[in-house]
Amino acid sequence: MAKGFASTGDLAEKKVTFEELAAGVYAYTTEGDPNTGVIVGRDSVMVVDAMATPVMAEQFIAKIRTVTDLPIVHLVLTHYHAVRVLGASAYKAPYQIGHENMRELVAERGQQDWESETGRFPRLFRNAESIPGLTWPNVTYADNLTFYLGDREVQLRWLGHGHTKGDTAIFLPKERVLFSGDLVEAGATPYTGDGYIQDWMETLERVRALRAEALVPGRGDAVRGAKVDEAISSTKEFLTILRDNVAESVRQQETLKQAFDRAHAALTPQFGNWPIFEHCMPFDVSRMYDELNGLEPRIWTAKRDREMWAALQD
Ligand SMILES: [Zn+2]
């Protein structure tokens with residue numbers, strides 16, 4: 001049976017949970033849709049990720065205004081994906097911060113990613129006409145960048161190649177709260193279409209070494225305690241099974257379609273019920289196959305998305 005392209009068939013609104021993880025530190029999670037976060041400082045607010053459109057961001061800002069009237073000064077962008085950054089203008093934050101590789105990706109492929117993601121996730125791009133243009137970070141960093149919002153310390157950490165080459169993890173060392181972006185998912189499918197999948201597995205060990213006590217994943221519920229480690233482990237396990245099966249296909253000189261069928265069969269029992277599993281699988285296998293053939297992540301365009309989907313998923 002033909003499967004509808006990407007997330008075009010997913011039109012049911014998700015339930016929002018706005019949860020305080022430590023005093024003044026909030027997760028805004030949405031049953032598997034991209035998560036965002038809020039860190040309230042002494043004089044200002046830092047927001048983690050922007051949502052896909054300014055109109056959708058307004059809903060999130062309304063939630064922020066139920067807990068603080070302080071100005072939003074810092075908007076941290078965990079990575080360049082359109083669904084997380086194109087709502088940025090709504091916050092009017094003077095500082096939009098991302099890793100230097102993130103800015104490079106916006107320049108190189110931000111426009112194509114915008115068009116590609118709009119096609120994949122129509123529900124997440126409600127009021128797409130409100131997007132004024134690409135979102136550029138106006139502050140970048142290379143390894144670490146630390147903010148002191150009054151006496152609240154917030155560390156921005158680049159931990160290596162992973163979901164993209166420019167992922168920022170946001171860590172509060174005193175509260176031990178971590179916003180991982182899409183480096184870690186909690187019961188939601190990792191998307192690896194722009195990933196460095198084998199490097200990502202090692203990067204996850206550096207994420208684990210932060211020993212966070214609460215985690216806001218890229219997608220899925222915020223988790224605490226032992227579930228933080230479980231989320232990191234299950235993300236890594238998904239990547240490992242993906243890698244092992246596609247590697248077996250490459251070893252046997254199978255086609256991309258055969259690699260897809262092999263990896264899909266191997267991952268379905270454990271992960272088939274995770275949000276966006278069917279959406280991600282063709283992209284994930286395509287990227288893994290490329291990586292094992294020595295290629296850097298190629299640019300996804302709306303056209304390439306559809307051609308690949310037709311070849312693998314339908
Ligand atoms: Zn992403």
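This report describes a metal site, a helix, a sheet and a few single residues in a predicted model.

Residues are numbered from 1 along each chain as its sequence is written. Because the model is predicted, local features need pLDDT of at least 70 and side-chain atom pairs count only at pLDDT 80 or more, while totals for chains, interfaces and linings use all residues.

**The zinc site.** The zinc ion is coordinated by His79 (NE2), His81 (ND1), His163 (NE2) and Asp182 (OD), at 2.1 to 2.3 Å, where donors are N, O and S atoms within 2.8 Å of the metal (3.2 Å for Na, K and Ca), and sites may look incomplete since water is not among the atoms. Along the sequence, the donor residues follow the spacing H-x1-H-x81-H-x18-D. Both histidine 79 and histidine 81 are buried, that is, under 20% relative accessible area, with exposed meaning over 50% and partly exposed in between (1.4 Å probe, protein chains only).

**Helix H8.** Helices (H or I, at least four residues) and strands (E, at least two) are DSSP runs, numbered from the N terminus. In helix H8 (residues 302-312), the buried residues are Arg304, Asp305, Met308, Trp309 and Leu312. Seen down the axis of H8, these buried residues fall within an arc of 130 degrees, so they line one face of the helix; the arc is that of the directions from the helix axis to the C-beta atoms. Their cover includes helix H3 (100-120), helix H6 (256-271) and helix H7 (277-292).

**The sheet.** Six strands form an open sheet of mixed pairing in the order E8-E9-E10-E11-E12-E13, two strands being paired if DSSP finds at least two bridges between them. Strand E8 (144-149) and strand E13 (223-224) are the edge strands, each pairing on one side only. Strand E10 (residues 169-172) and strand E11 (residues 177-181) pair in the antiparallel sense over three bridges, and leucine 172 stands opposite valine 177 in E11.

**Single residues.** Isoleucine 64 is found in helix H1 (residues 54-64), and contacts beyond its neighbours within four places in sequence are with Val38, Val47 and Ile72, contact meaning heavy atoms within 4.5 Å.

| Residue | Relative accessible area |
|---|---|
| Isoleucine 64 | 0%, buried |
| Glutamate 31 | 44%, partly exposed |
| Glutamine 253 | 73%, exposed |

Terms used:
Heavy atoms only, no water.
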